[in-house]
Amino acid sequence: GARDVAPATLFDKILSKEIPSEVVFEDALCLAFRDINPVAPAHILIIPKHRDGLTGLGAATAEHSAILGHLMVAAAAIAKQEGLSEFRLVTNNGEGAGQSVFHLHLHLIGGRPLEWPPG
Ligand code: 5GP
């Protein structure tokens, strides 16, 4: 749409199955798949199917409240499905924070002890 002025990302190719991924959860609004370069035994990316201007969380406005809530609830369901009672949910916003794909995504990480604070 007109609000998606940022270039398409590789997550569009994952959504279209042009790039294969190991999907662990999917519904009408989101897709969750295993990260290709996992930082922990469980490392799942959860993305909205429609970016809708959300290049990252920093672009969120009140109109994104429903999808953002949906992604959080999906994360809880996926953690449960993966048998994770201890996990971390992270989103990187901006290159300096480690973001490399500009389609909002949550990293669900677990399966090993997670130190805090992170680096
Ligand atoms: P970011 O760095 O933007 O927070 O997260 C992007 C994530 O996408 C990284 O953790 C990276 O390993 C993952 N990634 C990059 N390319 C691919 C791919 O082709 N397939 C999958 N499954 N993950 C990818």
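**View 1. Asp52 and its loop.** Asp52 is partly exposed because 14 other C-beta atoms lie within 10 Å of its own, where a residue is buried if 20 or more other C-beta atoms lie within 10 Å of its own, exposed if 12 or fewer, and partly exposed in between, with C-beta atoms placed from the backbone. The view comes from a predicted model, in which local features need pLDDT of at least 70 and side-chain atom pairs count only at pLDDT 80 or more, while totals for chains, interfaces and linings use all residues. Residues are numbered from 1 along each chain as its sequence is written. Asp52 belongs to the loop between β3 and α2, the element names being those of DSSP runs numbered from the N terminus, with helices (H or I) of at least four residues and strands (E) of at least two. Although Asp52 is not a glycine, its phi is positive, about 50°.

**View 2. The chain as a whole.** The chain contains two helices and five strands, which run α-β-β-β-α-β-β from the N terminus on. Its C-alpha atoms fill a box of roughly 45 × 30 × 25 Å, taken along the principal axes. For 119 residues, a compact globule would have a radius of gyration near 14 Å, and the chain agrees with this at 14 Å; the radius is taken over C-alpha atoms, and the globule rule is 2.2 Å times the number of residues to the power 0.38. Buried residues make up 24% of the 119 residues of the chain. Of the contacts in the chain with a separation of 6 or more, 57% come from residues 24 or more positions apart, two residues being in contact if their C-beta atoms, placed from the backbone, lie within 7 Å.

View 3. Helix α2 covers residues 65-81, and its 17 residues should span 24 Å at 1.5 Å a residue, in agreement with end C-alpha atoms that are 24 Å apart; the expected span is 1.5 Å times one less than the number of residues. The buried residues of α2 are Leu71, Ala74, Ala75, Ile78 and Ala79. An α-helix has 3.6 residues a turn, so residues three or four places apart point the same way. Gly83, which follows α2, has a positive phi, near 75°.

**View 4. The surroundings of the ligand.** The ligand is surrounded by 14 residues, of which the closest are Ile36, Asn37, Asn92, Ser100 and Val101; a residue is near a molecule or strand if its C-beta atom, placed from the backbone, lies within 6 Å of it. The residues of this shell divide into six nonpolar, six polar and two charged, with Ala, Val, Leu, Ile, Met, Phe, Trp, Tyr, Cys and Pro counted as nonpolar, Asp, Glu, Lys and Arg as charged, and the others, Gly among them, as polar.

**View 5. Leu15 in helix α1 and Val23 in strand β1.** Leu15 lies in helix α1, residues 10-15, and counts as buried because it has 20 C-beta neighbours inside 10 Å. Not counting residues up to four places away in sequence, Leu15 touches Leu31 and Lys49. Leu15 and Ala32 are 17 residues apart in sequence, and their C-alpha atoms are 9.8 Å apart in space. Val23, in strand β1, is partly exposed, with 13 other C-beta atoms within 10 Å. With residues up to four places away in sequence again left out, Val23 touches Leu31, Ala32 and Phe33. From C-alpha to C-alpha, Val23 and Leu45 are 9.5 Å apart in space, while in sequence they are 22 residues apart.

View 6. Most residues other than glycine have a negative phi, and most peptide bonds are trans.
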